[in-house]
Amino acid sequence: MVRDGLVRADHSAALDPIAAQFRIRLTPDMRAAIATDPGTDPVAAQFVPDPREALIRPEELTDPIGDHAHSPVPGLTHRYPDRVIVHVTQSCEVYCRFCFRRETVGSDGPLPAQDLDAVMAYLAATPDIFEVILTGGDPLSLSARRIGDILARLADIPHIGAVRFHTRVPVVAPGRITPTLIAALKVRPAVSMVIHTNHARELTPAACAALARLADAGVPLMSQTVLLRGVNADADTLADLFRMLVRNRVKPYYLHHCDLARGTGHFRTTIAEGQAIMAALRGRISGLAMPTYVLDIPGGFGKVPIGPGYLTQSPDGSWQVRDPKGGLHRYDDPA
């Protein structure tokens with residue numbers, strides 16, 4: 001990255017231990033999206049290592065969302081009754097500097113065959129499971145053939161009604177969204193895709209074209225974004241991103257408060273800052289463009305909305321409702 005102009009030569013030695021601990025990878029598409037000054041660029045901040053990653057705060061965790069605490073078989077996390085996460089690979093097309101799985105991504109490739117067999121056996125034996133979320137790593141970093149094989153096995157389990165991909169690939173490596181891949185997505189369980197993107201500059205013409213190919217094929221598209229200081233932690237930047245997503249037929253789904261991954265303190269805002277940003281967006285952009293602001297409770301206790309509150313109850317039982325401009329209004333429940 002020094003040769004590519006992304007890292008200053010005098011920072012190289014300080015970044016060596018970080019590169020040894022947390023993997024580095026950047027696609028040509030995202031390299032092209034970085035402006036001439038990587039030091040202040042919101043795309044570069046997501047992928048280029050930073051000396052501040054060496055600072056590990058006491059509250060930061062190797063498994064901040066508790067994947068391992070809810071893993072009945074290798075490669076599967078079962079945190080909620082009707083859905084599971086399947087880690088079909090540990091590889092990604094890019095490695096995000098704030099990733100909550102940064103301790104493990106890149107350590108291995110696809111889930112070994114025997115582990116995938118155990119996952120399928122668990123799914124078949126657990127009829128409460130309705131939705132399977134394919135993640136990793138990035139599931140779309142796998143070949144179309146391998147993805148098709150996994151989907152075909154899921155289709156053979158009658159109670160599986162939905163399959164969701166969590167992926168960055170359509171944005172960071174849009175060339176992978178091929179007719180062969182799209183054909184593999186046409187299976188009986190309803191397939192949807194949650195696209196991870198954090199800044200409008202990531203949505204290059206090639207990325208928009210890849211999203212169009214998926215939308216034209218009938219794949220429902222949603223997005224997840226991480227609230228990141230130095231990248232998108234203001235209402236104007238997020239409004240631009242969310243409107244651009246809607247323009248590309250992607251429904252903004254989640255805005256994640258940055259997880260307590262090790263070495264990511266420089267990215268995190270306070271929850272109050274995040275709530276203020278969400279309040280500023282309310283009324284400014286369409287409800288279609290508003291995601292839910294959520295926190296994954298550290299330790300694996302689940303995801304909860306943490307957006308600003310608009311209701312307070314008065315001693316007489318009535319409610320005070322705050323409108324998007326800050327005005328207060330009385331509301332009475334039925335007697």
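A residue is taken as buried when its relative accessible area is under 20%. In this predicted model, G137 has a relative accessibility of 12% and therefore counts as buried. G137 lies in the loop that connects β3 (131–135) with α5. Apart from neighbours within four places in sequence, the residues in contact with G137 are T89, Q90, S91, C92 and V105. Along the chain, G137 and I157 are 20 residues apart, and their C-alpha atoms are separated by 24 Å.

On the α4 side the meeting residues are L116, D117, M120 and L123, and on the α5 side they are I150, R153 and L154. Sorted by class, this contact comprises 5 nonpolar and 2 charged residues, with no polar residue.

L123, a member of the α4 side of that contact, also belongs to the largest nonpolar core of the model. This core has 81 residues, and those touching the most other members are L123, L134, F165 and L281. Helix α9 (residues 235–247) makes the greatest contribution to the core, with 7 residues. In soluble globular proteins, nonpolar side chains tend to be buried together. When neighbours within four places in sequence are set aside, L123 is in contact with L76, V84, I129, V132, L154, I157 and H159. Of these partners, L154 is in α5, and I157 is the residue whose C-alpha atom is 24 Å from that of G137.

A further helix pair involves α9 and helix α10 (residues 271–281). Their axes come within 9 Å and cross at roughly 60°, an angle at which α9 is oblique to α10. The crossing of α9 and α10 is right-handed. A235, L238, A239 and F242 of α9 meet I277, A280 and L281 of α10. The contact consists of 7 nonpolar residues, with no polar and no charged residues. L281, on the α10 side of this contact, is one of the core residues that touch the most other members.

How values were computed
Residues numbered from 1 in each chain as written. Predicted model: local features only at pLDDT ≥ 70, side-chain atom pairs only at ≥ 80, totals over all residues. Heavy atoms only, no water. Core = buried A, V, L, I, M, F, W, Y, C linked by side-chain atoms within 4.5 Å. Buried < 20%, exposed > 50% of the residue type's maximum accessible area, 1.4 Å probe, protein only. Helix = DSSP H or I, 4+ residues; strand = E, 2+ residues; numbered from the N terminus. Contact = heavy atoms within 4.5 Å. Nonpolar A, V, L, I, M, F, W, Y, C, P; charged D, E, K, R; others polar. Axes fitted to C-alpha atoms, helices over the stretch in contact; angles between N-to-C directions. Parallel < 35°, antiparallel > 145°, perpendicular 65-115°, else oblique. Left-handed = near helix turned anticlockwise from the far one by under 90°.
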